[in-house]
Amino acid sequence: MQDERSLKKSQTLFADAGDCIYSLVQLYDAGSGDHISGFYPRFIESGKNAHIWDLDGNEYIDFDMGLGPIILGYCYEAVDRAVAEQLSRGMHFSLVSPQEVEYAQMLQKHIPCADKVRFFKTGSSACEAAIRTARAYTGKKHVIRGEFHGWHEWTVAAEGIRQGGILPEVRQYTHRCDYNALDQFVEIFERYPDDMAAVIIEPVIIEGPKDNFLRDLQDLCRSYGAVLVFDEVVTGFRFDIGGAQKLLGVTPDLAVFGKGAANGLPLSFVCGKKEILDAVEKDVYFFTTFGGERLSLSAGMAVLAELETKNVTRKIWDTGLELRTNVNEMAQRLGVRIALVGMAPRLMFSFWDRKGRFDNELKNIFMQECIKRGVFLGWTVFPCFTHTKEDIAAALTVFEEAMKKCLSHQNAKDSAAAWLTFGRNL
Ligand SMILES: Cc1ncc(COP(=O)(O)O)c(C=O)c1O
């Protein structure tokens with residue numbers, strides 16, 4: 001991997017993108033806010049296992065993994081083969097595909113709450129289906145949501161940004177609470193005791209559940225007659241073949257899976273308890289042309305077969321643990337204010353200043369120094385099945401070099417602050 005990388009082709013094409021692609025990126029996190037201008041390539045040309053190549057031919061070890069979906073690795077043979085076989089028979093027809101039944105039966109076997117399953121293409125649309133189901137089932141309006149559940153109106157209504165086009169009256173029905181903060185949930189339930197339709201949260205985001213949080217939340221929902229929905233768009237298959245719900249031993253009423261289901265093909269689904277889904281079957285409308293599209297379903301089945309036979313999640317956990325342990329030991333040894341936090345399958349770098357506040361400068365320097373040396377990072381660090389020992393060793397060498405650069409910056413900033421304090425006290 002070279003150190004001086006040209007990004008010329010990337011930058012030239014990106015200059016054209018502004019003229020034809022609305023808002024430049026399809027996914028918010030793929031924007032330049034996270035992928036620093038002038039250092040990050042703008043386009044990825046290809047990938048194999050955990051490596052990617054940009055438009056200028058530069059190679060990177062990737063930890064962003066298509067923003068989560070690539071749990072096995074890029075161009076993973078068993079999945080590609082299944083897709084190619086299906087391709088030769090046809091992509092999409094007007095009747096139910098046999099794969100829908102076969103795949104749903106596989107999901108039933110592994111996911112505790114999956115009595116029944118319905119397929120979609122994106123996490124957002126499957127979350128929309130879950131919330132609509134919950135509202136239809138309970139006849140109630142209010143929803144508490146967690147960190148992020150896509151772009152549909154009910155959820156964006158509780159964001160702090162980009163409220164254009166959201167009906168103001170929708171906002172009153174969506175409330176946002178922090179993970180692990182049970183008291184916040186209780187407060188909303190007490191405010192609308194007769195009108196709580198659902199709570200939708202990720203079963204784990206970065207930190208795991210504390211003080212029986214998930215069970216207490218489940219009890220709270222039950223006592224008010226609200227539906228508990230786990231958004232497993234990120235955690236599904238990555239934490240466990242049965243989702244984080246299986247790992248953590250709490251079975252929600254409904255759950256939503258997406259990203260990793262088909263290792264990069266667009267496949268998501270809502271699943272849940274029979275009594276809820278059956279009760280509203282004739283009342284709710286969510287039908288979509290490509291729900292049964294066959295390439296993605298074939299990929300989904302191939303992914304599940306790999307998960308069943310190859311201990312994929314164990315390997316993902318081990319890789320994440322190895323990264324986390326080594327990065328944190330390294331940061332402490334160097335004395336730099338950086339840590340890798342989270343549960344092993346979904347980690348995040350944390351950067352803080354001398355007062356313990358998020359340090360964006362430190363983050364940017366770290367990201368820059370990593371990308372210059374061939375390690376591609378996003379907000380989240382996603383280990384995949386085909387990250388090798390060599391990839392991890394190479395990435396750790398890069399992390400150490402990047403941390404040393406961060407340390408120089410940290411020391412300079414700390415001395416400047418110390419001089420300022422000294423000056424003020426004179
Ligand atoms: C937890 C969670 N839920 C839902 C979504 C929305 O999924 P999609 O972007 O496929 O619509 C995302 C996307 O990042 C997500 O992270």
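This is a predicted model: local features need pLDDT of at least 70, side-chain atom pairs count only at pLDDT 80 or more; totals for chains, interfaces and linings use all residues.
How many bridges hold strand 11 and strand 12 in their antiparallel pairing? There are six, with strand 12 spanning residues 346–351.

Let us step back to the whole chain. The protein chain is divided into domain 1, made of 8–74 + 312–425, and domain 2, made of 77–310. Taken over C-alpha atoms, the centres of domain 1 and domain 2 are separated by 28 Å. Domain 1 gives 15 residues to the contact, and domain 2 gives 18 residues. On the side of domain 1 that touches domain 2, at least two residues come from each of helix 12 (312–334), strand 11 and strand 12.

Next comes an open sheet of seven strands, in the order 4-10-9-8-7-5-6, whose pairing is mixed. Its edges are strand 4 and strand 6 (174–176); each has a single partner strand, so one side of each is left without a neighbour in the sheet. From one strand to the next, the twist averages 20 degrees.

Within this sheet, strand 8 (residues 227–232) and strand 9 (residues 254–257) run parallel and are joined by four bridges. Phenylalanine 230 stands opposite alanine 255, which is in strand 9. Helix 8 (residues 213–224) packs on the sheet, where helix 8 touches strand 7 (196–201) and strand 8; the directions of helix 8 and strand 8 make an angle of about 140 degrees.

At 1.5 Å a residue, its 13 residues (98–110) should span 18 Å, and the end C-alpha atoms are 19 Å apart, which agrees. Which residues of helix 3 are buried? They are Gln99, Tyr103 and Leu107. These residues cover an arc of only 65 degrees around the axis, which puts them on the same side of helix 3.

The face turned away from that buried side carries the exposed residues Pro98, Val101, Gln105 and Lys109. Among the elements covering the buried residues of helix 3 are strand 4 (116–120), strand 10 (268–272) and helix 11 (294–310).

## Helix 14 and its packing

Helix 14 is made of 37 residues, 389–425, and reaches 52 Å from its first C-alpha to its last, close to the 54 Å expected at 1.5 Å a residue. The buried residues of helix 14 are Asp391, Ala395, Phe399, Ala402, Met403, Cys406 and Gln410. What do the buried residues of helix 14 pack against? Their partners are strand 3, helix 12, strand 11, helix 13 and strand 13 (375–376).

Strand 1 (residues 44–48) and strand 2 (residues 51–54) run antiparallel and are joined by four bridges. Glycine 47 has isoleucine 52, in strand 2, as its bridge partner. The two strands form a hairpin with two residues between them, and asparagine 49 in the turn has a positive phi of about 55 degrees.

Is tyrosine 137 buried or exposed? Tyrosine 137 sits in helix 4 (residues 123–138) and counts as buried because 24 C-beta neighbours lie inside 10 Å. Leaving aside neighbours within four places in sequence, tyrosine 137 is in contact with Val227, Ile276, Ala279 and Val280. The C-alpha atoms of tyrosine 137 and glutamate 281 are 9.6 Å apart, while 144 residues separate the two along the chain.

Aspartate 64 is placed in the loop between strand 3 (59–62) and helix 2 (77–87). With 21 C-beta neighbours inside 10 Å, aspartate 64 also counts as buried. Not counting residues up to four places away in sequence, aspartate 64 touches Phe376, Leu377, Gly378 and Phe382. Aspartate 64 and valine 375 are 311 residues apart along the chain, with 9.8 Å between their C-alpha atoms.

Key. Residues are numbered from 1 along each chain as its sequence is written. Two strands pair if DSSP finds at least two bridges between them. The expected span of a helix is 1.5 Å times one less than its number of residues. A residue is buried if 20 or more other C-beta atoms lie within 10 Å of its own, exposed if 12 or fewer, and partly exposed in between; C-beta atoms are placed from the backbone. The arc is that of the directions from the helix axis to the C-beta atoms. Two residues are in contact if their C-beta atoms, placed from the backbone, lie within 7 Å. Domain bounds come from an automatic or database domain assignment. Axes are lines fitted to C-alpha atoms, for helices over the stretch in contact, and angles run from 0 to 180 degrees between N-to-C directions.
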